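Hi,

Here is the structure I promised to pass on. Have a look at it first, and then read on for what turned up.

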Amino acid sequence: MRKIKGVVVLLFLLDTASAQNPNFPSSLPRFTINGYVKDSLSGESILGASIIVSGQGGGQPKGVTSNQYGFYSLTLEVGTYTISASHVAYFSKPQTVTLNSNRSYDFELLPKTSSNSEVIVYARRRDANVKNAQMGKIDLSMTQIKNIPAFLGEIDLLKAIQLLPGVQNAGEGNAGFYVRGGGPDQNLIMLDDAVVYNTGHLFGFFSIFNSDAIKNVTLIKGGMPPQYGGRLSSVVDVTMKDGNMNKTEIEGGIGLIASRFSIQGPLKKNKASYIISARRTYADALAKPFIKKSSNFYGSGYFFYDLNAKVNYRFSEKDRLYLSGYFGRDVFDFNDTKRSFKTYIPWGNSTATLRWNHVFNRRLFSNTTLLFNDYKFKFSAAQDNFQIGLTSGIRDGNIKTDFDYYPLPNHKLKFGGLITYHKFIPNVVTGREDSIIFKPNNEGTKYAAETAIYAQDDWEIGEKWKINYGLRWSSFTQIGPYTKFIRDANGNKLDSNVYKSFEPVKAYGGLEPRITIRYAINDETSLKAAVTRNLQYIHLVSNSGNTLPTDLWVPSTYIVKPQISWLYAAGLFKNFEDNKYETSVELYYKDMRNQVEYKEGYTPSLSDPEDEFVFGKGWSYGAEFFVNKTKGRFTGWVGYTLSWTWRKFAQLNDGEKYPAKYDRRHDLSVVGNYEANKKWKFGAVFVYGTGNAITLPERFYIINGVLTQEYSKLNQYRMKAYHRMDLSATLTPLPKKKHKSYGYWIFSIYNVYSRLNPYFIYFDQTGSPYFGTLKVEARQVSLFPILPAVTWNFKF
């Protein structure tokens, strides 16, 4: 309660300071203009649009940014102003306003993709990277992502994120990623506010996000605002489309791997809309006719599918309701009739989000959200009369409320809170042989409650200084039902404590301060610095480099403590030639405590995985360089990261520090897009990265006729450097007559020069030790040579 009172006092002091701001003397009356920023064609809300005020009094223009739902609010002195709304993907729209009373105004912006004319100089404000206090935040529209060459023709937003500085891929063709030395579990990935625990299809080679259903992607890799929490490294906030308010649209595509189909439109024009989007692979369906029924493997196959759906209804100018959901599954079947063996392995995510927007008054906007998300993995196998099954997963229920308060143009306050109920399902094994049922002593399900409250102010102090500062308080409690066993030194159970439902077992909590400061040297140049503290209460410990369907999420308990990090960052941001070129250099240092790894020699079992954990610390540091060309026929960026990532565990590597498996000294990405004419667009990507750190055997011995290996210290060797080039071409035929429908082709080539990048290394043994002919050789396994693909997309 004291912490809650402290947050309330802080907000009161901030509001008082705003009211006394010398930039807005109290001698003149003030009025508020508020409204929404929308897409003029679809009626979709536009988040992250800049609303800039100029006019009366001269001086530095002031403004705000539209929130996640397109809402904005400006409180100004009486007078006449020019208010302009702009966004990276839209043409800007200025509006002259005489403000002598409170009023509402909605900006409707025309998307640039709707224009048939060639645009060389964009009419928009493009200095947000210099002007904003936020560090490490990048917004990507789906238009930008779709211009990047895609792996096997499947547009993938997570692979696009990997091309940004500070973000590293998890491996060849993989959608997993690491940010500034953090592990894969340290990224908070959300779809319409619902946490996604497993983001990969086909064991991580494709992400679960269907590009046709997505409106916007925001990556935050430094200076994380206090409304986000529970992870140490980054936030990937994915927003689904709301659905076209004005007309029905159908779009889709047919590719080598999967096909997509989406339909959206108004339920009631300008009041309610919907979108339904589906995607499915069809390798199983194409292969089935070629597998004879007499084959031992008839009935085997693999496929994945996604379904996104969303509906929204505007009850009034002050109230709007959204209901959205996602359901996706991977399904693997394998049959071997010769051995009477069959297996069935489905896994996937389900999410549901119900949101209520309410405008209390012209300066106070709220959003209340109910969330459900569920990740399940299931394995079942049978041979003759024997059957075995395994299940695991994690399930959450969440309620949260967020408020946006706009007291003055130089202040934007955000505050709110949340409660989450977690259910962690370990590996539960069952078996059956004829009428005999096996139920081993599986570890029990764990439960936890997580809460947080936060407050933040985005404060512009004059023309030079801007501060984004806030405070988050979070807590995490493991709760019953739970049985805590007391064990001897050998792990044998001696006694137990039984906790009833919702009875606290172990509680953690703490403050998470966040602050980012910007100093503007001039209109084109600024310096920024940030300090953030983060707590992470749930953990994913994996032997692999990516999130696999068999990996387990575990909570903080009386054994496992929360992970803690401090991130320090500073950067120089400068634009050139009227914001045609954006450049930045960022330096960072991250300190991480209570890191979790498996013990040396760990093998999976039915025991509680936390009994196999060891705990230590980690740290990473580096520099990120970014050059982005934003205007003209040729656009693109170059990103380079120089970094070091270390780990130190008392029980690993003899207590000495060692490079983390995702330590990568050099990471380079070059992205280019060229619009040749109205019919043809071309894209190219080149990536280079230092080889992954690995542990290899250094010596081989023959003991009693058995070849024995002696391994190096942890991650003392490197694979070969990773590099490849991808190309794409988009052909949009120009019809002789204007049609409501059109189609276009995307031709892409992955790994143009067929570089055989290392995926893993194994040692092959030939000959015999008895005859002195034993030979052991290291061999490299590579996955993808050159891979051409073609996709046909349509829209009407």
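K775 is partly exposed, because its relative accessibility of 46% lies between the 20% and 50% cut-offs. Do keep in mind that this is a predicted model. The side chain of K775 meets that of E777 in a salt bridge, at 3.4 Å from N to O. E777 counts as partly exposed too, at 31% relative accessibility. E777 also forms a salt bridge with R779, where the closest N and O atoms are 3.1 Å apart. For R779 the relative accessibility is 34%, so this residue counts as partly exposed.

Elsewhere, salt bridges with shared partners link E44, D192, D193, K215, D242, K310, R355 and K400 into one network. Another pair to look at is R593 and D591, whose side chains form a salt bridge of 3.1 Å, N to O. Here R593 is partly exposed, with a relative accessible area of 39%, whereas D591 is buried, at 16%. Over the whole structure, the search finds 36 salt bridges.

Now to the nonpolar side. The largest nonpolar core has 65 residues, and L157, I161, V217 and V236 have the most contacts inside it. What does V217 touch, leaving aside its neighbours within four places in sequence? Its contacts are I138, D139, L140, M142, I145, L157, I161, V236, D237 and V238. Another core, of 28 residues, lies apart from the largest one and includes F31, I46, L109 and V359.

Happy browsing, and best wishes

Note on methods:
Residues are numbered from 1 along each chain as its sequence is written. This is a predicted model: local features need pLDDT of at least 70, side-chain atom pairs count only at pLDDT 80 or more; totals for chains, interfaces and linings use all residues. Side-chain values use heavy atoms; hydrogens and water are left out. A nonpolar core is a set of buried Ala, Val, Leu, Ile, Met, Phe, Trp, Tyr and Cys residues joined through side-chain atoms within 4.5 Å. Buried means under 20% relative accessible area, exposed over 50%, partly exposed in between (1.4 Å probe, protein chains only). Contact means heavy atoms within 4.5 Å. A salt bridge is a side-chain nitrogen of Lys or Arg within 4 Å of a carboxyl oxygen of Asp or Glu.
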